[in-house]
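Work through the exercises below with the model open. Each task is followed by a stepwise solution.

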Amino acid sequence: MRRSLAVLCSATTLALAACVNPQVRAAREATEAQAPATTTAVGASARADLRDLQGALVGTATLQQTAHGVLVTADIANLPPGTHAIHFHAVGRCEPPFQTAGGHFNPNARQHGIRNEMGHHAGDLPNIHVPASGTARIDMISRDVSLGTTGNGLLDADGTSLVVHALADDYRTDPSGASGDRIACGVVAR
Ligand SMILES: [Cu+2]
């Protein structure tokens, strides 16, 4: 039932698109191409247990699919104080020094960085700020990923990982925002 409704909606959208000017239509189509997969059920959840290079648990992240993207809630403990980059990486494997996680999750073949005109990777996220205690709770939402298994889905065939870096992301430098070593990693899993 939901699928037939979706088909009806896209037929209507196409009919409307025929009436608008080509530039507006191109912009709209580009936006739609990046939209989270509509087949992903709202309320679906996943998690990632972040471990450091010694294998110690330094954080747990809960991921929840909403109608507007994936809500990430993370409890961090015992990470070095300071500003750290955090990204979704392309492969669900976390073997120190975490190069096994691959580059940033990038299904749309963009460059890195939300301040890069050629960007950004779907896996890009805003920096996290860890206080002197090493403990923090972080809430963020990513409209660029879903908990689906294809396209922008974090649960694709080779999985994905949530990776924390030693340094801040400069939001611009391709391919990794000059964010330095990988200091914690967790596989995204249901
Ligand atoms: Cu990264």
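A residue is buried if 20 or more other C-beta atoms lie within 10 Å of its own, exposed if 12 or fewer, and partly exposed in between; C-beta atoms are placed from the backbone. Helices (H or I, at least four residues) and strands (E, at least two) are DSSP runs, numbered from the N terminus. This is a predicted model: local features need pLDDT of at least 70, side-chain atom pairs count only at pLDDT 80 or more, and totals for chains, interfaces and linings use all residues. Residues are numbered from 1 along each chain as its sequence is written.

**Exercise 1. Confidence and layout**

Solution: 
- Step 1. pLDDT is the predictor's confidence in each residue, from 0 to 100.
- Step 2. Residues 1–20 fall below 50. Beyond near neighbours in sequence, that stretch has four contacts in the model. Two residues are in contact if their C-beta atoms, placed from the backbone, lie within 7 Å.
- Step 3. Count the elements: two helices and nine strands.
- Step 4. Of the 190 residues, 34% are buried. Take contacts between residues at least 6 apart in sequence: 59% of them join residues at least 24 apart.

**Exercise 2. The sheet**

Task: In what order do the seven strands of the open sheet lie, and which are the edge strands?

Solution: 
- Step 1. Two strands pair if DSSP finds at least two bridges between them.
- Step 2. The order is β5-β8-β9-β1-β2-β3-β7, with antiparallel pairing.
- Step 3. β5 and β7 (136–142) each pair on one side only, and are the edges.
- Step 4. Neighbouring strands are turned by 20° against each other on average, direction ignored. Here axes are lines fitted to C-alpha atoms, for helices over the stretch in contact, and angles run from 0 to 180 degrees between N-to-C directions.
- Step 5. Trace the bridges. β5 and β8 pair antiparallel over four bridges, and Ile-86 is bridged to Val-164 of β8. β8 and β9 pair antiparallel over five bridges; there Val-164 has Ala-184 of β9 as its partner.

**Exercise 3. Two faces of β5**

Task: Which residues of β5 point one way and which the other?

Solution: 
- Step 1. In a regular strand the side chains alternate between the two faces of the sheet.
- Step 2. Ile-86 and Phe-88 point one way, His-87 and His-89 the other.
- Step 3. Each of these four is buried.

**Exercise 4. The core**

Task: Which residues have the most contacts inside the largest nonpolar core?

Solution: 
- Step 1. A nonpolar core is a set of buried Ala, Val, Leu, Ile, Met, Phe, Trp, Tyr and Cys residues joined through C-beta atoms within 7 Å.
- Step 2. The largest has 34 residues, with Leu-50 and Leu-162 making the most contacts inside it. Elements giving two or more residues include β1 (45–52), β2 (57–66), β8 (161–165) and β9 (182–187).
- Step 3. Leu-50 lies in β1. Leu-50 is buried because 26 C-beta neighbours lie inside 10 Å.
- Step 4. Beyond four places in sequence, Leu-50 contacts residues including Val-58, Ala-61, Leu-162 and Cys-185. Leu-162, by the same exclusion, touches residues including Ala-48, Ile-86, Phe-88 and Val-188.

**Exercise 5. Loop backbone**

Solution: 
- Step 1. The bond from Pro-96 to Pro-97 is cis, with omega near 5°. Pro-97 sits in the loop between β5 and β6.
- Step 2. Asp-174 and Pro-175 are also joined by a cis bond, omega about 5°. Pro-175 is in the loop between β8 and β9.
- Step 3. Phe-98 has a positive phi of about 75°. Phe-98 is in the loop between β5 and β6, and counts as buried because 23 C-beta neighbours lie inside 10 Å.
- Step 4. Tyr-171 has a positive phi of about 65°. Tyr-171 belongs to the loop between β8 and β9, and is partly exposed, with 19 such neighbours inside 10 Å.
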